[in-house]
Amino acid sequence: ATMQEIVASVGRVSDVIGEISASSSEQSQHLGGVAGSMTELDQMSQSNAALVEEGAAAAESLKEQAAKLASLVSKYQVPGMARR
């Protein structure tokens, strides 16, 4: 009877180890998915940062061009218009 109890206990332990192994494998797959998502988010963040830099450079260029245009236009005088 004791030997049967030991065999049954070993069987239960083996089942639990199998469940733990299956659970670990599933968690590993999910963690792989999370890691992939994090990599994708990082790439998107870097892309967004590059777009922000490009936008800032374009805005600065536009500001400089607008100042040049204002300087050029200020040289012209139109009759009836008050000079600023």
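This is a predicted model: local features need pLDDT of at least 70, side-chain atom pairs count only at pLDDT 80 or more; totals for chains, interfaces and linings use all residues.
Lys and Arg count here as positive and Asp and Glu as negative, while His and the chain ends are left out of the count.

Figure 1. The chain carries 6 positive and 10 negative side chains. The centres of these two sets are 35 Å apart.

**Figure 2. Overall form of the chain.** The secondary structure consists of one helix and zero strands. The radius of gyration is 36 Å, well over the 12 Å that the globule rule gives for 84 residues, so the chain is more spread out than a compact globule.

**Figure 3. Surface of the chain.** Of the 84 residues, 0% count as buried, a class that requires under 20% relative accessible area. The chain exposes about 7700 Å². Carbon and sulfur atoms supply 61% of that area.

**Figure 4. Nonpolar patch around Val7.** Met3, Ile6, Val7 and Val10 make a nonpolar surface patch of about 400 Å². Val7, one of these residues, is placed in helix α1, which covers residues 2-73. The relative accessible area of Val7 is 54%, and the cut-off for exposed is over 50%, so Val7 counts as exposed.

**Figure 5. Glu54 and Lys68.** Glu54 is a residue of helix α1. Its relative accessibility is 52%, and Glu54 therefore counts as exposed. Lys68 lies 14 residues away from Glu54 along the chain. The C-alpha atoms of Glu54 and Lys68 are separated by 21 Å.

Note on methods
Residues are numbered from 1 along each chain as its sequence is written. Side-chain values use heavy atoms; hydrogens and water are left out. Patches are made of residues with over 30% relative accessible area and no salt bridge: like charges are joined within 9 Å, nonpolar side chains (Val, Leu, Ile, Met, Phe, Trp, Tyr) within 5 Å. Accessible areas come from the Shrake-Rupley method with a 1.4 Å probe; for residues, only the protein chains shown count as cover. A salt bridge is a side-chain nitrogen of Lys or Arg within 4 Å of a carboxyl oxygen of Asp or Glu. Helices (H or I, at least four residues) and strands (E, at least two) are DSSP runs, numbered from the N terminus. Buried means under 20% relative accessible area, exposed over 50%, partly exposed in between (1.4 Å probe, protein chains only). The radius of gyration is taken over C-alpha atoms; the globule rule is 2.2 Å times the number of residues to the power 0.38. The place of a charge is taken as NZ of Lys, CZ of Arg, CG of Asp or CD of Glu.
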